[in-house]
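How is this chain folded, and what do its aromatic rings do? The report below takes the overall build and then the ring pairs.

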Amino acid sequence: MPSPHYRYAIYWAPTEGTPLNRFGAEWLGYDASTGQSTSPSPVHGITRETIDRMTVEPRRYGFHGTLKSPFRLQADTSEDTLFDTVEAFATRQTVIPIDGFTICSIGRFIAFTPVSGKRAISALAAACVTELDHLRAPLTGAELARRRKRPLTPHQDNLLTRWGYPYVMEEFRFHLTLTDSLADDLRPELTESLEKAAGPALGPARIEDISVFAEPEPGAPFRLIRRFPLTGDRVQES
């Protein structure tokens, strides 16, 4: 049976109703768990219109931390098979506590980054990439060309060819994106404003489930369509 969606991704999405989830959805102007727009600006002095201009790409993908980047399913793989496989994978993974977050620049964009748990999160992401890769359809020539528009090192290009994304394994850095690429002179002041406004969103969190997000059609906003609890035997140390 053909998949009802164009692409899927495996993300960590903060639990609905938590300060981190609310802040991310309000900042981006989009809540991926409901598919609805959010209108208030959470940062004093920055209008919704200004934020929208700075958040085009992260708004489309929803507030999340990537574990396995968007992919198309193999032609003979159904959405139900995807769900069953991710559910089985989640039962082998353990909860990861995070002591809190900082807001910083990664290259030319701004993101939340964890202050602890990085090794455990990287291991979870690597497992998502490798153990779920049999579900992924190979990249088309057009998809490869689009990825290669950004400069890649030879190693990153090898990762792209092997795993469908260049920023995996040792190139991986867990983050929750807040902006598009911004000019150098904009980022320091905006980062400071975001830190002041985020408040409780910078506090402790737990990666206790993973989510399947879906893109209904090319270019459409991603939606969170199902969460899968991590039910392994023990909690990872932060």
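The sections below cover the model, the fold, the surface and the aromatic rings.

## Basis of the model

This is a predicted model: local features need pLDDT of at least 70, side-chain atom pairs count only at pLDDT 80 or more, and totals for chains, interfaces and linings use all residues. Residues are numbered from 1 along each chain as its sequence is written, and side-chain values use heavy atoms, with hydrogens and water left out.

## Overall fold

The chain has 8 helices and 11 strands. Both are DSSP runs, numbered from the N terminus: helices are H or I with at least four residues, strands are E with at least two. The radius of gyration is 17 Å, close to the 18 Å of the globule rule for 238 residues, so the chain is as compact as a globular protein of that length. The radius is taken over C-alpha atoms, and the rule is 2.2 Å times the number of residues to the power 0.38.

The C-alpha atoms fill a box of roughly 50 × 40 × 35 Å along the principal axes. Take contacts (heavy atoms within 4.5 Å) between residues at least 6 apart in sequence: 74% join residues at least 24 apart.

## Burial, surface and charge

Buried residues make up 49% of the 238 residues. Buried means under 20% relative accessible area, exposed over 50%, and partly exposed in between, with a 1.4 Å probe and protein chains only. The chain exposes about 11,600 Å² (Shrake-Rupley method, 1.4 Å probe). Carbon and sulfur atoms supply 52% of that area.

There are 27 positive and 30 negative side chains. Lys and Arg count as positive, Asp and Glu as negative; His and the chain ends are not counted. The centres of the two sets lie 3 Å apart, with each charge placed at NZ of Lys, CZ of Arg, CG of Asp or CD of Glu.

## Aromatic pairs

The whole structure holds 10 aromatic pairs. Rings of Phe, Tyr and Trp (its six-membered ring) pair if their centres lie within 6.5 Å; planes under 30 degrees apart count as stacked, over 60 as edge-to-face, the rest as tilted.

Phe-23 and Phe-112 have ring centres 6.0 Å apart and planes at 80 degrees, so they are edge-to-face. Phe-23 sits in helix H1 (residues 19–28) and Phe-112 in strand S7 (residues 109–114), 89 residues apart. Phe-23 is buried, at 5% relative accessible area. Phe-112 is buried too, at 0%.

Phe-112 also pairs with Phe-63: centres 5.8 Å apart, planes at 75 degrees, so edge-to-face. Phe-63 lies in the loop between helix H3 (56–61) and strand S4 (65–71), 49 residues from Phe-112. Phe-63 is buried, at 7%. One aromatic cluster takes in Trp-12, Phe-23, Phe-63, Phe-101, Phe-112, Phe-172 and Phe-174.
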